[in-house]
Amino acid sequence: MPWVQIGLGLAVIAVLAWVVTLVGQRATALDRAKRAEAEALEAERMRDRREARMPGGNPSHPIEVASAAVVEPRATSLPCPRCSSPAHVDAHEVEMHDGRRLRVTRMRCGTCGHRRPLYFFVRSSARPSPEASGEGIDVRS
Ligand SMILES: [Zn+2]
């Protein structure tokens, strides 16, 4: 039965790879540097996930505002989550997420340079405006 032999061969290769890995895992300076880098990357991912859970950090929970005019003032009122310094709006865009029209400000920290998007939902954009749909405008007069 060749499958048994292939399976045994793969098992032997896996065991050898595991042994080689164990032997190779001596704590050299290079290993420590790699570990520190991996920890820094993991810490970065943790910060990104935490920022995504903050209000406006994710398209699924945007900051609600009454009008588009207050999007940028509101965005710049929020400090950089990394260093608490003021952040600037690099770009202000409109994006569709799950059928909702969201405003997105691309924020950049003036001190540490950290960049992140902030998502806003303009309450008045929840339904088509009367001007856009033609409703509510008296065309007879
Ligand atoms: Zn910053």
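**Exercise 1. How many buried residues are there among the 25 residues of α2?**

*Solution.* The structure is a predicted model, in which local features need pLDDT of at least 70 and side-chain atom pairs count only at pLDDT 80 or more, while totals for chains, interfaces and linings use all residues. Residues are numbered from 1 along each chain as its sequence is written.

Step 1. Count: the number of buried residues in α2 is 0, and the helix is hardly covered.

**Exercise 2. Identify the largest nonpolar core and the elements that supply it.**

*Solution.* Step 1. A nonpolar core is a set of buried Ala, Val, Leu, Ile, Met, Phe, Trp, Tyr and Cys residues joined through C-beta atoms within 7 Å.
Step 1. The largest such core has 12 residues, including I63, V71, L102 and F120.
Step 2. At least two residues of this core come from each of β1 (63-65), α3 (71-77), β3 (100-109) and β4 (115-122).
Step 3. For L102, contacts (C-beta atoms, placed from the backbone, within 7 Å), leaving aside neighbours within four places in sequence, include Y119, F120 and F121.

**Exercise 3. Describe the pairing of β3 with β2 and with β4.**

*Solution.* Step 1. Two strands pair if DSSP finds at least two bridges between them.
Step 1. β2 and β3 are antiparallel over 10 bridges, with H88 opposite R108 in β3.
Step 2. β3 and β4 also run antiparallel, joined by 6 bridges; R106 has P117 in β4 as its bridge partner.
Step 3. The β2 and β3 hairpin has 2 residues between the strands, whereas that of β3 and β4 has 5, with G113 in the turn at a positive phi of about 80°.

**Exercise 4. Which phi value does D98 take, and is D98 buried or exposed?**

*Solution.* Step 1. Most residues other than glycine have a negative phi.
Step 1. D98, in the loop between β2 and β3, has a positive phi of about 50° although it is not a glycine.
Step 2. D98 counts as exposed because it has 7 C-beta neighbours inside 10 Å.

Conventions
Buried ≥ 20, exposed ≤ 12 C-beta atoms within 10 Å, placed from the backbone. Helix = DSSP H or I, 4+ residues; strand = E, 2+ residues; numbered from the N terminus. Contact = placed C-beta atoms within 7 Å.
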